[in-house]
Every structure is written in structure tokens, then in C-alpha cells.
Amino acid sequence: MMRSMYSGVAGLKTHQTKMDVIGNNIANVNTVGFKSMNVTFNELMYQTTQKASGPNAATGTGGVNARQIGLGVKMGAINTNITQQGATQTTNNPFDIKITGDAFFVVSNGSENFFTRDGSFYVDGIGNLCMTSNGYNVMGWQVDPETMNIRKETVSPLRIMSADNMTYPPEATSKAYVSGIMDKNDTDVTSKAGKTINLQLYDSLGYLYTAKLNFKSTDTEGTYGLEFAGLVDMNNQPVNTDNMTFGNRTQLKRVNEFNLKQGFTWKNITTLNDGAADYDMAAALADLNSTDPNHIAARKKLLEAYGLESIEDLNNLAVIHSYRDPGTGVTTDTEVLLLDIILNEAVASPDPAVTNARDIFGGNINKITTNVEYIQGFSVVYDASKGTFVGIDGNTDTLNLGLSALTVTTPDGQQSKFSDIEVDFTQTTMFNNGGTSTLTATNGDINGLGSGRKLGKMIGVSVQNNGMIYASYDNGQTKLLGQIAVAEFANASGLEKAGDNLYSDTLNSGEFDGIGVDITANGGYMNTGVLEMSNVDLSAEFTEMITTQRGFQANSRIITVSDTMLEELVNLKR
């Protein structure tokens, strides 16, 4: 009878333990990443009152089974249902991450690594990715600063919002391309100024500038002159480009006609009159750097009279003086700059009647027609019959802007440099487009490389399904910040719960090697904006609760009945 009572007591204890486990499961029904547990019972031990005997062939008697009396129940195991996935809860927080698969996040308290399925993370005050519940650092792999790829070595805290990661460095533009249609009948192209296209570019500090390129038609069909027309900053202020070399000084042959505007007359070839005053052009142009107010006024009047923009415009225009030797019949062309005509410079001409530039025109330069214009630049050539691009100066597809010679002072007083910019023209054609050219210049090549950029500020962080963390910046760039590493175990059920949704590795689970694995290596992945909830099944837990209660109740009856029998035994002596 004492044995039955002790069996009942053992039953009460084990059922109480099972109820404790059930209670813990139900209490954690809404705990993020919680894995339910279940209890299994084992027989405790047996008292053998008679050993088993075998059959006796000599006597013809059979064998007898052993006679054993059980002494109760004991706890067999408490198992964690660790591989069953919990339900998904949507949070829309980009740092809430759910693991699909059998892996675990690796977190650290600074001295020891733990493992968890709780993916509710946040970024702390110094930029580390941490658990929201206890502040433990999320561990992962860092980016190799040389290759900018993930370096899979011993895991370390992921500091995704460090000072270095909050901005993306600027870069000077190094490539560009021109695309679109060149229409030979475009009045902009045939005009004196030419058709201007703008190329936006960045310097080494990320400041934005605009380079202006002018296309001008020539008398050779399919050939266009291209000159650099200036560089302006973000405030549309011109940048000094004196140190810059753009192509070569070449002839651009086309007819240019400059008529003296109404209201202006030449008294003689050196004196211009605007109806109110006379201006001595010879004195004004002899020293272009003169600051004499009268000289400055004279130069301005000359430009106004012919509709020119700068003295350089005048200096780049020339006429061809042709002389046919009556003895030999050979015709010789002599170039004469318009500026030399006004200054009456000496001219080396085979024509014996011409010794000075002014001899070609006499005293009348009210109307000047030129067929040579000098530009500092390149020739852009197209196949006149097919309209396809042939080359720059006839042999290359690209040209160099030559900006690397320039140093500029930025608005904050820093010295900034440009990169040489290689401009590709292979995307252009020369077709009839109704008299409208559609040429545009774009920084970067056709794949977007070498476009340059301003300083970028971080505007967002995203976690990919392989755990890689990327930052996006307002200059259009993205940057790899690190990768969340995970741990996998041969026997995940052997992990030891450490509280706070954490697990520790044990000898039976397999030890963590300190490096971890890529979650996608075995088919797993991560989802952001969601969390894995508890995998507790309430219906199963309540069913287990009922059977546990009945088991406890039945064992208590064993004790009660055993006590009654003992009482009857004691009462035998009365």
C-alpha cells in the first residue's frame, strides 16, 4: 500500500510539472519568436518480486513471466517545438525581420553570443542594430573597404548608421555622351552663335556645373564645328577657363555676313560714329587690356555696331583674299583677320597691290562677308549620304573636354578639381527632323557610369532577403553596410533557453563556430516589416491541460484510497 501511495505522489509531481510547462506556453502565446514546449513521462522503476523462468522440457512445464510492481512515474523529457514556424505578424517596421527556415539570429551582450528568433530590432544612439527588448547587438559580417564586398569572418556588431555611412562621397564626372539628331537645316546650327547644348557635371567636391557646347554648320555637308562656349556654376556665374584647352584652333569654313547696324557709320576705317560721337578704333584695339574709359567705350561700340558678343568673336573671324598670278595662273589664298583690317596690320600677300590688311577693303567695311571662322575645338563629322556618325576630327568617337586643368574655389572656400571628361558622340545621327535638332548631352556613359555625383545624404535603409543591409542616398547611390549572419545547429532542440527570447548553444545542440552562415545557403530567407509570433497552439494546450488535470486528479485519488486502506489496516487492532 505504501508503494501505491508513493506512485500517486510521483504522479502528482510529474503532472504538476507538466501543468507548469503548459502554463508557461499559454503565458507566452503572444511572445515574439517563442517556441512551445511539451512534456513526456517515463516509468520510474520496478520492484521485481519474482524473476521470469523459462519452460522445462524435462518436466513439460511452461515458463513463468516475471512479477514486477511499478513504483510510479518520472519526467522523461521537456522538448522544445523549435522547428515549427510561428505565425506572421505585420508591423511595417523595416527593422522587424522574420526568418523563414531553421536558422537563428546571432546577438551579443558584449561578452557572449546568444541566439534568437526574435527579429524585433532598432538602431541605437551610436548606430548599432540592436534587439528592442534588451539592447543586445545584432551580429553579422562587415564590408571589406577595398572590395566593398562582404567579408565573412568572425561576426561583429553591425553599426549601420555610423558617421561614415550617413553620407556618400561625391565624385567628379568623368564620362558623358551626346545623343539625338543633328538637322542641317536647323537655324540654330546655321546661325553665327551655333546651337548650344548643356552638359551638367560635378567637380571633385560634388558641386554642380554646366558646360556649354556650341555646334556650328560648315560649308562642307556633314561636317560641324564644335566649340566650348563656357562653364557656369550653380548660380549661373561663369568659371574662369583660361587654363583649359579644348581641341585645336581650326578653320570652320562657312559664309558669315556682318552688316553695320543702322545708326553707325565709318568716317574712315579707324573712326566709328554712332550719330553722337566718334570713336577711335585703332587706339581702342591696339591694347585690348587698356582700361582707358574712352577705349572701353570704343570697344563696346564696335561690338554693338556689328552685333558681336566679344572682341574674341572679332579675332576669330577672318576673310580669304584670293589673288591669281597673271603670269603663272596660280591662285593663292591669304587669310586676313578682321581685327588686322581695322588695325591695318601688314599682310604677306602675293598681290603686289596689297601690303596691309586695309588694302583689301579700302575705306569701306560697312559690310563684311567672311568664309573662314576660327574655332578652338573639334570637327564632328557625319556621313552625308547615310546620316550616320563618322567621328570626331574624322577618326575618333570621343573627345576630351580637358577640364582637369581647372581648379575652382567653391562657395565655402575650398579648392576643387574637375576630372577629364570623355564625351561619346556615337549616339548621334544627322537626319531630316523638320529643321529641329534634338541633340542633348548627358553626364555618364550609356550605362550610367562616370556620371559623377553630389554629396549624398542617407534617406533610407533596407534589408534584403539574404540579410544584406543597404543604405540609399539622395544622390541616387546605394551602399552595402553589412550582412546579418545567422547560426544553424545540427540539433536545434538541444539549445538551452536563456530567457529574454534567447538561446545558448550546448554540447548537444552543436557549438557556434563564431562565423555563422548565409541564410540563403540552405534555402532560408528573411522578410522585413514582419515578425515571427509564438507557435503556441491554444487548442492543443487546453486539451493537454484537461488531460493533465484529470491525471493529477486520478493520482490524488490513489493517495486518498491508499490512505483509507492504511487506516483500515491500523484499525485491525481494535
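So, ring pairs join Phe104, Phe115, Phe489, Tyr503 and Phe512 into a cluster. By pairing I mean that ring centres of Phe, Tyr or Trp (its six-membered ring) lie within 6.5 Å; planes under 30 degrees apart are stacked, over 60 edge-to-face, and the rest tilted. Keep in mind that this is a predicted model, where local features need pLDDT of at least 70, side-chain atom pairs count only at pLDDT 80 or more, and totals for chains, interfaces and linings use all residues. Residues are numbered from 1 along each chain as its sequence is written, and side-chain values use heavy atoms, with hydrogens and water left out.

That rule gives 14 aromatic pairs. Take Tyr209 and Phe418: edge-to-face, 5.0 Å centre to centre, with 70° between the planes. Tyr209 is in strand 16 (residues 208–217) and Phe418 in the loop between strand 30 (415–417) and strand 31 (422–429), so this pair ties together parts 209 residues apart in sequence. Strands here are DSSP runs of E, at least two residues, numbered from the N terminus. Tyr209 and Phe418 are both buried, meaning under 20% relative accessible area with a 1.4 Å probe, protein chains only.

Then there's Phe215 with Phe425, also edge-to-face, at 6.2 Å centre to centre and 70° between the planes. Phe215 sits in strand 16 and Phe425 in strand 31, so that pair ties together parts 210 residues apart in sequence. Phe215 is buried at 0% relative accessible area, and Phe425 is buried at 0% too.

Zooming out, 42% of the chain's 574 residues count as buried.

Conventions
Buried < 20%, exposed > 50% of the residue type's maximum accessible area, 1.4 Å probe, protein only. Helix = DSSP H or I, 4+ residues; strand = E, 2+ residues; numbered from the N terminus.
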